[in-house]
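User: I am new to this structure and would like to go through it step by step. Could you take my questions as they come?

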Amino acid sequence: MTTRVTFWGGRGSIPTPGPGTARYGGNTACVSLESEDDGRLVILDAGTGIRLLGHEIVRRAERGAVSVDLLLSHTHWDHIQGLPFFAPFFGKGNVVRIWGARQGDVDLEIILRQQMHPVVFPVPLDELAATPKVEHVKGSEFTVDGFSVCTTRLRHPGHTLAYRLTPVGGGASMAYVTDNELGRGGDYGEPPTWRRDLERFLSGVDLLIHDAMFTPEELAKHRGWGHSSFDEAVTLAAAVGARRLALFHHRPERDDAGMDELVARAREAAETTGKRLEVFAATEGLTLTL
Ligand SMILES: [Zn+2]
Ligand SMILES: [Zn+2]
């Protein structure tokens, strides 16, 4: 089965609109994965990029009901802030299933409800025309409409999940691994086998989308922040035999010229691995076929 991956937002931490970021885009994390055969759609994260995706979904459905699965990596603002503006929420009969991890002892639903509490947003979660269904990810494998999903926990504050998705009928897989500290620093309570487990989890993936927020020079000052540098992402992609690496979670301070430079350095790093690895930056509006 052929699938299409589209980047709706690749920025980390906070949206960065303006002429300096217009090429790579300023919207925060949101990626869609769609089956070319039947149009089944899964969304990864609900940063501000999800707003335009929501309009596109409603437009395509014309007057029919929308049924969609949304997988949340975690609930930091840049991964959920677009959700109140997700157009399918406002259509009667639409079903939006939201998957993610409980944060400590706080249910996902409570976090999403607080985000739409009347003191901060005019429409509460309970008064949406659509039916949102919140599902806690419990085991490491489950199935959403048309895709098998595997998860593993990342090194980042809070309970942050990576997702690997493969079409149920077979086909190339993609992995969404953002907000992840590959290097030393930070204490996230992970087991000693964490790196080996992560490499096994990602083994042979076609497309790896990975946190590449920092340059190595910047990372030296940001250890323990829960993020990686582009060269760490390249090393991981090469180790697991990924075919393509999308650098993700761009630093808000990095403008388009800075992004060009980061991508060029990442490509140089990829060449030194001796692997056939295509490296690029997640760019708003970019669609790939798997
Ligand atoms: Zn983030
Ligand atoms: Zn985060």
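User: To start, in which loop does Asp-45 lie?
Analyst: Asp-45 lies in the loop between β3 and α1. Helices (H or I, at least four residues) and strands (E, at least two) are DSSP runs, numbered from the N terminus. This is a predicted model, in which local features need pLDDT of at least 70, side-chain atom pairs count only at pLDDT 80 or more, and totals for chains, interfaces and linings use all residues. Residues are numbered from 1 along each chain as its sequence is written, while chains are lettered from A and ligands numbered from 1 in the order in which they are written.

User: Is Asp-45 buried or exposed?
Analyst: Asp-45 counts as buried, because 28 C-beta neighbours lie inside 10 Å. A residue is buried if 20 or more other C-beta atoms lie within 10 Å of its own, exposed if 12 or fewer, and partly exposed in between, with C-beta atoms placed from the backbone.

User: And what is its phi, the phi of Asp-45?
Analyst: The phi of Asp-45 is positive, about 70°, although the residue is not a glycine. Ser-13, also not a glycine, has a positive phi near 75°. Ser-13 sits in the loop between β1 (3-9) and β2 (30-35), and is partly exposed, with 19 other C-beta atoms within 10 Å.

User: Back to β3: what unit does it make with α1 and β4?
Analyst: Strand β3, helix α1 (residues 50-61) and β4 form a right-handed β-α-β unit. Right-handed means that, with the strands pointing away from the viewer, the path from the first strand over the helix to the second runs clockwise.

User: How many bridges join β3 to β4?
Analyst: Three bridges join β3 (residues 41-44) to β4, and the two strands run parallel. Strands pair if DSSP finds at least two bridges between them. Ile-43 has Leu-70 as its bridge partner in β4.

User: Which residue of β5 does Leu-70 stand opposite?
Analyst: Leu-70 stands opposite Ile-98 in β5. Five bridges join β4 to β5 (residues 95-100), also in parallel.

User: Why is β4 largely enclosed?
Analyst: Four of the five residues of β4 (residues 67-71) are buried, so the strand is largely enclosed by the rest of the structure.

User: Changing topic, where is confidence lowest?
Analyst: In the protein chain, confidence is lowest in strand β6 (residues 131-136), at a mean of 93, and highest in strand β12 (residues 244-248), at 99. The chain averages a pLDDT (the predictor's confidence in each residue, from 0 to 100) of 96.
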